[in-house]
Amino acid sequence: MMIVERLDHINIITDKLSETAQFYANLLDLEERDGPPHMKPDQVRWIYDRNDIAILHLNSVEFPRVYDRAVATGQETGSIHHVALRCSDFDQVRARLDKNGADYQINEVPSIGLRQIFTADPNNVLLELNFFGT
């Protein structure tokens, strides 16, 4: 029996809430929505995947947290090196990064049919975008 069913979500605390929400929505065709009704839209944006799952919870610095700890927005992500997302349409994502003048690096792992794009979001969270079979 396996206890973990799946990764639920990633929480990013940011001083660039709108910019961060738009980054994920525009680059990866994710949907930006309000959080639950008790959360203020100017402090919380949830980002949904095509399966209607809120995979990213974006919170402003001002948003009160149940378990609070110091966060240095824009700094590298401490012990977490990167967040990996399985994606489709390598060419479209690369074109969007080019259009926005984004810094990125491509890596290929032919033995498993994988192409990767590494880029940082507006908060300096490193993303590993994985494209299999492309």
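Modeller: A residue counts as buried when its relative accessible area is under 20%. Tyr24 has a relative accessibility of 1%, so Tyr24 is buried. Phe23 comes under the cut-off as well, because its relative accessible area is 18%. Keep in mind throughout that this is a predicted model.

Phe23 and Tyr24 also form an aromatic pair. A pair of aromatic rings is described by the distance of the centres and the angle of the planes. For Phe23 and Tyr24 the centres are 5.1 Å apart and the planes make 90°, an edge-to-face arrangement. The structure holds 2 aromatic pairs, and the other one, Phe90 with Phe131, is taken up below.

Helix α1 covers residues 17–28. Which strands does α1 lie across at about 160° to β4? They are β1, β2, β3 and β4. These 4 strands form an open sheet with mixed pairing, in the order β1-β4-β3-β2. At its edges are β1 (10–14) and β2 (31–34), each of which pairs on one side only. From one strand to the next, the twist averages 25°. Inside this sheet, β3 (residues 44–48) and β4 (residues 54–60) run antiparallel and are joined by 5 bridges. Tyr48 is placed opposite Ala54 of β4.

There is a second open sheet of 4 strands, also of mixed pairing, with the order β5-β8-β7-β6. Its edge strands are β5 (83–86) and β6 (104–109); each has a single partner strand, so one side of each has no neighbour in the sheet. The twist here averages 20° between one strand and the next. β5 pairs with β8 (residues 126–132) in the parallel sense, over 4 bridges. Across this pairing, Ala84 has Glu128 as its bridge partner, and Leu85 stands opposite Leu129.

α1 packs on this sheet too, where it touches β5, β7 (114–120) and β8, and its direction makes about 15° with that of β8. Helix α2 packs on the sheet as well: it touches β6, β7 and β8, with its direction at about 25° to that of β7.

In a regular strand the side chains alternate between the two faces of the sheet. In β5, Val83 and Leu85 are on the covered face, while Ala84 and Arg86 are on the uncovered one.

Next come the two helices together. Two packed helices are described by the angle between their axes and the distance between the axes. The axes of α1 and α2 (residues 90–99) come within 9 Å and cross at roughly 135°. The two helices are therefore oblique to each other. On the α1 side, the residues in contact are Asn26, Leu27 and Leu28; on the α2 side, they are Val93, Arg96 and Leu97. By type, the residues of this contact are 4 nonpolar, 1 polar and 1 charged.

Phe90 belongs to helix α2 and Phe131 to strand β8, and the pair links parts of the chain 41 residues apart.

Definitions and conventions:
Residues are numbered from 1 along each chain as its sequence is written. This is a predicted model: local features need pLDDT of at least 70, side-chain atom pairs count only at pLDDT 80 or more; totals for chains, interfaces and linings use all residues. Side-chain values use heavy atoms; hydrogens and water are left out. Axes are lines fitted to C-alpha atoms, for helices over the stretch in contact, and angles run from 0 to 180 degrees between N-to-C directions. Angles under 35 degrees count as roughly parallel, over 145 as roughly antiparallel, 65 to 115 as roughly perpendicular and the rest as oblique. Contact means heavy atoms within 4.5 Å. Ala, Val, Leu, Ile, Met, Phe, Trp, Tyr, Cys and Pro count as nonpolar, Asp, Glu, Lys and Arg as charged, and the others, Gly among them, as polar. Two strands pair if DSSP finds at least two bridges between them. Rings of Phe, Tyr and Trp (its six-membered ring) pair if their centres lie within 6.5 Å; planes under 30 degrees apart count as stacked, over 60 as edge-to-face and the rest as tilted. Buried means under 20% relative accessible area, exposed over 50%, partly exposed in between (1.4 Å probe, protein chains only).
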